Amino acid sequence: MATADAIPADEEARIRVELERSWAVPRGLIGWLSVVDHRSIGRRYLVTAFVFFVLAGVLAALMRIQLAFPENTFLGPDLYNQIFTIHGTAMMFLFAVPVMDAMAIYLVPLMVGARNLAFPRLNTYSYFVYLFGGVMLFVTLLLNSAPDVGWFSYVPLAGPDYSPGKRADFWAQLITFTEVAALAVAVEIVATVFKMRAPGMSLNRIPLFVWAMLVMAFMVIFAMPAVVTSSSFLLLDRLVGTHFYNPAEGGDALLFQHLFWFFGHPEVYIIFVPALGMVSAIITTFTGRPVVGYTAMVLALVATGFIGFGLWVHHMFTTGLPQLGLTYFTAASMIIAIPSGVQIFCWIASLWRGRPRFHTPLLFVLGFIAIFVLGGLSGVTLASVPFNLQVHDTYYVVAHFHYVLLGGAVFPLIGGIYYWFPKITGRLMSDALGKVNFWVLFIGFNVTFFPMHFLGVQGMPRRVYTYPANMGWGTLNLISTAGAALLVLGGAVFLYNVVRSYSAGPPAGDDPWRGDSLEWTISSPPPVYNFLHIPVVEGRHAAWDRSPDPPVVTGLRTDCREVLVTAVMDAEPDNKVEFPSPTIWPFACAVVTSLFFIGSVFTPWAVPVAVAPLAVTLIGWFWPKERR
Amino acid sequence: MSRAAVDVSGLEDSAFGHKGLIWWGTVGYMVIEGSMFLIVFVAYFYLRLRESVWPPSLPNPDVFMPTVNLLVMAVSCLPAHVVKRAAERCDIHGVRRWLLVLTVFATATVVLRALEYPGLNCRWDDNAYASVTWVLLSLHTVHLATDMVDSYVLLAMAHRKPATRKRFVDFAENSLYWYFIVTAFVPIYLTVYWAPRWL
């Protein structure tokens, strides 16, 4: 490493002004549609995902009102079918995955010391495709044309014979929208983590949060093609008369389930693994010590990523598959508890040996550990074939996956929002209100979902719009609905805290929590160029391990969007590349893509019609505009 | 006072192969699309296992035209390779010349592909065998057509100044993607045209 003279203050000011000009976010409507800045796109993803979360949450509340009493008539069966389908679909495809993408888009470049995410125009494109897909889904609900066959849309129910009309087609195309967006983000994350880390951040110094996002990205890349294939086959069966799922012509309905769950089970980990990264980040900061067992944690994340692909048949135990196969999937389903257990013990050891500060983010993490352990235990019971056969498609399963997904992913996520809100907005959220928020949500969650275990064991099936009084399920359902009211209250407290803090929260400063990773070394919110000088990382905990006069990268151009590309293993500087500037073309391409997807719900001619405009927008996007 | 610094002013602009970002994006999408091909293969053989006769109630697909196309694709890897080498030398004249040749080959493969479809001897809505056969081939056709258009655009770019190093990387990585498309056709060719005869 060379040495450089200290940069004079006026030179620093010049660099700052030049970087601000080079990386400026364009203004106006066209500018808003053209932006390629990861922070802007990350914020949009985050806000959009939470809007869909609230909408899907309102639908859940409506379902709970309907189920509060036996033989209730608040919702009719058709509307109830649409509501539970949209609730599940939106929560999985429009909230859970995109919100984790949002956190990655915003935070990964900051944590690895980069000025933007790789392929920034692709990032813009992915956001608009996601947005348009989500809007399409909710518009179908307003038009009473929403999908009504459940979030996994099984055939033959979703096939042309049993679901006439266009409802199931909208579900299939919603999948296409969201997967196109998620796959784009996954490629961006992999390229950023492997090739854009600041010098010194070798693989064994990557923050656990970034490792988690990397594992998630790989899982997306390998899992999501399966669901795109399954939903495309469904659309083709419905639109042009193919026979993939039609047994009368050599097709097979179980093929859909295999394809769907080959994606669907990894999907759980695609949602859950990023949350593990958030837990590790929060525990590190709020215990003031490195997480115990960094290497074990990384290996556990990677192992989860691999094993997650070997479990899908445990969703299909009742389909009559061969016993020997089921045995394997039982074993695999139990084995995945091992890496999860490793992480839980590492976190507990970290808390034990550290000096925990019980601010709101850590409370949510502790709540996560309690809820997730319960969800994991019910998961292990479901891996047992005889028990699974009894409770399949009952409220026991509903309880289990809400414990795993809401407890395992949403609790850490809300903790993560409390943790990174100061970095994103420059203002702190109220800690007192945050603690109220935590307890209302924690109690509300358990009151809502714990009784569902009993309802399931008593035989209450999921997806029924009502039940007779003599089944004896009324009391537990009423308790569950009371818990849902608490969840709504907790959600309202959270939103109030966000809105109030955004405008009137106390200034956060650069590092309000004494965080360990690079984002805490820059101002809050970060400048448009993220780092005035790309840092040189000196340890695994980049912020804690910094020397008083930390080394930096020099020699990058500041009069254009030049970024540093580094080697995969040890992040040694390798080459430089100029990033593209903002442009309207990704937005235009997203509009054409969306019209194409929506058009192909109605007619196969949408495909040839879309080819030319799609080509034009893509050529406009990629046509070079570089200077000499 | 001085501080430790890593001076990167001497580093190259853009890099070829795995050292560059574009390679990672290209390979990322190759993996995604390769996974998709793989899943359709799985669907093909899953459906095959459910039938005693394959293809069920339909004639075998013709093999002449796809065999010609496979040979054309195999030969097209030569100009693709030369384009890649020329791009890595930043030789714009070599790129222009051989990219034109590659474009002709890409166009030929698309024309030949259009001629392959009648030889499938089935329509997509005849039965599940026909459906999966059409989808497998069409998925590949989309790739062929996309890269043909991409080659036209790159050819136009090659005649536009300045010929920056970043653009040479684009020329080189296009060849990589072409190799992927050609390689993907080998198992598709064996599956669509020979599996009905052998299995």
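Q: What percentage of the 628 residues in chain A is buried?
A: This is a predicted model, so take the numbers as computed from it. A residue goes down as buried when 20 or more other C-beta atoms lie within 10 Å of its own. By that count, the buried part of chain A's 628 residues comes to 57%.

Q: Why can chain A be called as compact as a globular protein of its length?
A: Chain A is built with 18 helices and 4 strands. For 628 residues the globule rule gives 25 Å, and chain A sits close to that, so it is as compact as a globular protein of that length; its radius of gyration is 25 Å.

Q: Which residue in the hairpin of β3(A) and β4(A) takes a positive phi near 60 degrees?
A: Between the two strands of this hairpin lie 6 residues. The one with the positive phi near 60 degrees is A571(A).

Q: Which element gives the largest share of the side of chain B that touches chain A?
A: The contact involves 47 residues of chain B and 54 of chain A. On chain B's side, β1, α1, α4 and α5 each give two or more residues. By class, that side has 27 nonpolar, 10 polar and 10 charged residues. The largest share, 14 residues, comes from α1(B).

Technical notes: Residues are numbered from 1 along each chain as its sequence is written. Chains are lettered from A and ligands numbered from 1 in the order in which they are written. This is a predicted model: local features need pLDDT of at least 70, side-chain atom pairs count only at pLDDT 80 or more; totals for chains, interfaces and linings use all residues. Two residues are in contact if their C-beta atoms, placed from the backbone, lie within 7 Å. Ala, Val, Leu, Ile, Met, Phe, Trp, Tyr, Cys and Pro count as nonpolar, Asp, Glu, Lys and Arg as charged, and the others, Gly among them, as polar. Two strands pair if DSSP finds at least two bridges between them. The radius of gyration is taken over C-alpha atoms; the globule rule is 2.2 Å times the number of residues to the power 0.38. A residue is buried if 20 or more other C-beta atoms lie within 10 Å of its own, exposed if 12 or fewer, and partly exposed in between; C-beta atoms are placed from the backbone.
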